[in-house]
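Have the structure open while you read.

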Amino acid sequence: MEVFRREDVPLIIDTGNVQIRAREVGGMMMVFYRFAKGADLHPALHGLPGDACTCPHWGYVLSGKLRIHTVDGAREVAAGQAFYVEPGHYPEALADTEMVELSPSQELRVVGEHILRAAAAHYRPATMA
């Protein structure tokens, strides 16, 4: 068993509007997100199939509110709600938001490396763990 705090997880991306910390545990990636109101990951996903995230996620919103856009439309998820989202989506922060998410490591690595390449000029140095 492993126990850790968000602050102990390596910082992968920090743009000022989006902060991502990720750590691999048991073949899954544990990811802590902080989004500023208005943050939208869609532009960073352009170039992936469907211009969207290709990885499934299981998550829980600690505070704030997101709109998750999928091929079937958009759905909002707010503080205190858990969710599953299939591949083919992108998040938009409707409020300052903190959440934690689990994703298959290999699939998330592909998306994370794409985001880092697509927006390297805006992110502080980092690599997918």
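This is a predicted model: local features need pLDDT of at least 70, side-chain atom pairs count only at pLDDT 80 or more; totals for chains, interfaces and linings use all residues.

Cysteine 53 is in no disulfide, its nearest cysteine sulfur being that of cysteine 55, 5.4 Å away. Cysteine 55 is in no disulfide either, and for it the nearest cysteine sulfur is that of cysteine 53. A disulfide needs the two sulfur atoms within 2.5 Å. As for solvent, cysteine 53 counts as buried at 5% relative accessibility, and cysteine 55 is buried too, with a relative accessible area of 0%.

Now the rings. Searching the whole structure turns up two aromatic pairs:

| Pair | Centre distance | Plane angle | Type |
|---|---|---|---|
| tyrosine 33 and phenylalanine 35 | 5.4 Å | 15 degrees | stacked |
| tryptophan 58 and tyrosine 84 | 5.1 Å | 45 degrees | tilted |

What links tryptophan 58 and tyrosine 84 to the strands? Tryptophan 58 sits in strand S4 (residues 57–63) and tyrosine 84 in strand S7 (residues 82–85), so this pair ties together parts that are 26 residues apart in sequence. Tryptophan 58 counts as partly exposed, at 41% relative accessibility, and tyrosine 84 is also partly exposed, at 45%.

Key:
Residues are numbered from 1 along each chain as its sequence is written. Side-chain values use heavy atoms; hydrogens and water are left out. Rings of Phe, Tyr and Trp (its six-membered ring) pair if their centres lie within 6.5 Å; planes under 30 degrees apart count as stacked, over 60 as edge-to-face and the rest as tilted. Helices (H or I, at least four residues) and strands (E, at least two) are DSSP runs, numbered from the N terminus. Buried means under 20% relative accessible area, exposed over 50%, partly exposed in between (1.4 Å probe, protein chains only).
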